[in-house]
Each structure stands twice: as C-alpha cells, then as structure tokens.
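Please look over the structure shown below before reading the briefing. The notes that follow take up its domains, a sheet and the ligand surroundings in turn.

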Amino acid sequence: MTWSDRDRRFMRRALDLAARGDYRTRPNPKVGAVVARGDKVLAEGHHAVSGGPHAEAAALDALPPGAARGATLYVTLEPCGPFAGKRTPPCVERVLASELARVVVAQTDPHPEVGGRSLERLRAAGLRVDVGLLEDAARRLNGPYRKWIKVRRPYVTAKWAMSLDGRIATAEGDSQWISCGASRRAVHRLRGEVDAVLVGVGTALADDPLLTRRGVEGGTPLRVVLDSRARLPLDSRLVRTAREVPLLVATGSEADPERSAALRVAGAEVLSCGAGPRPDPLALLDVLAARDLRHALLEGGGEVAAAFLEADAIDRVLCFVGPRLIGGDGAPGPLRGRGFPRLDDAPRLRHLEARPSGDDVLLEGHLHVY
Ligand SMILES: NC(=O)c1ccc[n+]([C@@H]2O[C@H](COP(=O)([O-])OP(=O)(O)OC[C@H]3O[C@@H](n4cnc5c(N)ncnc54)[C@H](OP(=O)(O)O)[C@@H]3O)[C@@H](O)[C@H]2O)c1
C-alpha cells in the first residue's frame, strides 16, 4: 500500500488527537479520528474518558446528519464492534450509518473480540478500508493496552534523570535535582497515568521519597519498593504515609519476619515475590497483573533498573538529560549490575526521539513494541 501525503497528514493529526487522551482514558486505548473530504477536515475527535464517546463517534457526532457521506475517516485504531460488556454503542455501526466512502485505520485492535472483525464488516458493506498507515507510531502510543491484551503483564516504563555525562547522582549521593521543574512536573503527570511506581530500597534509603503524584491531576498509583530483607525504615516517608497511600514492599524469600511484621503493622503490604533471596522482577509484575495493574513506572535506582533490564522487563525508557556535568569515578549511572560484556548483546532502543523538557532534553526509546 502506498500512502499519499494527504493520508499521512491526516493520520498524523489523528495520532496527535489520540495523544490528548490522558489518565482518564484508562484502561481504554488512546484513539484519535479525523473525518476529511479531499483536503478539507470536516471533523475531529479523540477518546477523552473511559466510558465516554470513542474517537470516531466523537468526530462523526460533531457533524450534521449526512455531512460525512462519501468522506474518509482516519482513525488510529480499528473501530470497535458489538461485544459483551461494552459501555458505548459499537462504532462500526456508527461508521456504517454515516455512509463514508473510505476508512483508513492505523492498526487493527488486538482485542480478541475485535481483531479485524470490524474491518471485515466495513468491507462487506462496500467501504474501502486501508490498514497500516503509521501503524508503528499508533502501536507505541498504546503500549500498555496492547501488551496487556497480548501478554497479560504490566507495561514497564523505566524513567531516570541524568546529567549530560550520564550520572544519576554525585559520588556523594546527591541527586536532587538533576532535572528541571518542568521535567519533574512531567514525572508527576506520568505517575498520574500509571498504575504502580517502583523503586529499589537503595533509592528509598538515599532519597526518602514519597512517590506520590503531586500538583497535577491523575490517579493514585500503588507505591512499590523492592526490598529483599524488608529493611525499609519505619520512619521513612513511604511507611509513614502507608495508611493514606498504598505501599507494597516486595521482598525476597528470606526477608526477616519481624521486620516484615513491623512494616505490616505500620500499614504497608509485604509480599515475597519469587523464590530467590531478592524479589524477582517478573514475579513482581505477575503480582501487579493479578491486581489488574497494567502500567508500571520504574523510577530507579540503577541496581533495580539493571535487574529489570536483565529480565528483559523494560518496555520503554524515558531519560531526562539535565544540562550538568557531574563526573567522578564513584558517581552512579542509570544502570548498574553486571552490564552487557559485548556491544552486540546490549539491547538497542528503537524509535529514539528527543524533545525539549524545560531546560532538559527528554529522550524516549522503546525496547518492545506490541
Ligand atoms: N536521577 C535519578 O533519576 C535517580 C532515580 C533513582 C535513584 N537515584 C539515585 O540512585 C541511588 C540509588 O540507586 P541504587 O542503585 O543504589 O539503588 P536501587 O536500585 O534503588 O536499590 C538497590 C537495592 O534494591 C534491592 N533490591 C531488591 N530487589 C532487587 C533486585 N531484584 N535486583 C537488584 N536489587 C534489588 C537491593 O537491596 P536488598 O537486596 O537489600 O533489598 C539493592 O541493593 C541514589 O543515590 C538515588 O538518589 C537517582
């Protein structure tokens, strides 16, 4: 299939509209739609809130009856069909009723009850249906949705802030703040979009973080500390707030029972993840999956991030690069552990993009696209 410049322009616009969807769309995918005739955009829409109108319905509803006749719909995800448990009318019928001539779809819906069926229905009704325009970008936008359907494990975004010379703290352990205020606000927005925020006990001890979302709207992610021996201090801010904001301490199999009991009394949940002395990243993700938590934000530090990378459990990396040079042999980088001895074995990120974030640069890259 060769796509025209016009097709690309309208699908790019539909993707931009899709990206407007925020935490309120969860657990639904982010979807955008454009209705166009020739070069002219007739209507636009995006999915804004779970249970609310889908993108294509929002766009078509903005038009008077009959106005979309013979036009083209660009939509970033296959329209939904009539399946069980749906809260909104099936979009495929809405599209048919609009008497469009053509539908351009970025990606089929991996949902087992859709999975190409809506496209067949549209084709059977005589519409021209073209699939796969900017598909990779559309898939990346909905990593958590697609991974959940395909793998049933939470999507993992690893995030760190580093200096231009690749340090996440000074040799003395000072790390606040490497990134600027705008980047830290972006992290709070991110926390509001994910279901869980994860750190290692090294970070909990060094920084005494709260790991809550603050100053922006969003959800309340579960706070998780990977802490083999349950040594998280009872007077840490995480434990002191455990009765208000849920806290899970993921331990290894040999955690001290007394320490675990004390954390539980303080309001934290303590759970051994896996059979080894340290909590196993994949076992922890399965624990989160069993609670229907679909997107985890791994906020460091370097040892825990390396454990996730070695388990091939990181899907996306967000790296805020601050304009500082820290230096020092003892200043840690974002990934510790053994590292990969050969460059050929070192994971390669795909679709690396850079954009400004206040005074910093945000780098985004993907290890898995679902
Ligand atoms: N700039 C940034 O973006 C950023 C972000 C986070 C942290 N930091 C900085 O990074 C430093 C802390 O990093 P860190 O590498 O020392 O600590 P870390 O990765 O936060 O925690 C490491 C500890 O986690 C425990 N752990 C539990 N399960 C593990 C597993 N499966 N694999 C590996 N470790 C596991 C281990 O202790 P046990 O075995 O005793 O449980 C380990 O020593 C601090 O200076 C902090 O300020 C910077």
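**Domains and model basis**

The protein is divided into domain 1 (5-141) and domain 2 (153-337 + 345-366), with bounds that come from an automatic or database domain assignment. This is a predicted model, in which local features need pLDDT of at least 70 and side-chain atom pairs count only at pLDDT 80 or more, while totals for chains, interfaces and linings use all residues. Residues are numbered from 1 along each chain as its sequence is written.

**Domain contact**

- The centres of domain 1 and domain 2, taken over C-alpha atoms, are separated by 35 Å.
- Four residues from domain 1 and seven residues from domain 2 make up the contact, where two residues count as in contact if their C-beta atoms, placed from the backbone, lie within 7 Å.
- On the side of domain 1 that touches domain 2, the residues divide into two nonpolar, no polar and two charged; here Ala, Val, Leu, Ile, Met, Phe, Trp, Tyr, Cys and Pro count as nonpolar, Asp, Glu, Lys and Arg as charged, and the others, Gly among them, as polar.

**The five-stranded sheet**

- An open sheet with mixed pairing is formed by five strands in the order β2-β1-β3-β4-β5; helices (H or I, at least four residues) and strands (E, at least two) are DSSP runs numbered from the N terminus, and two strands pair if DSSP finds at least two bridges between them.
- Because β2 (40-46) and β5 (128-131) stand at the edges with a single partner strand each, one side of each is left without a neighbour in the sheet.
- Strand β1 (residues 32-37) pairs with β2 in the antiparallel sense over six bridges, and the bridge partner of Gly32 in β2 is His46.
- β3 and β4 run parallel and are joined by four bridges, with Val103 in β4 as the bridge partner of Leu73.
- β4 and β5 also pair in the parallel sense, over four bridges, and Asp130 in β5 is the bridge partner of Val104.
- From β4 the chain crosses through α4 to β5 in a right-handed β-α-β crossover, that is, with the strands pointing away from the viewer, the path from the first strand over the helix to the second runs clockwise.

**Ligand surroundings**

- Among the 31 residues around the ligand, Gly200, Gly202, Ser228, Gly300 and Gly301 come nearest; a residue is near a molecule if its C-beta atom, placed from the backbone, lies within 6 Å of it.
- The shell around the ligand takes at least two residues from each of β6 (155-163), β7 (196-200), α8 (201-207) and α12 (302-310), and α8 gives the largest share, five residues.
- The residues of this shell divide into 14 nonpolar, nine polar and eight charged.
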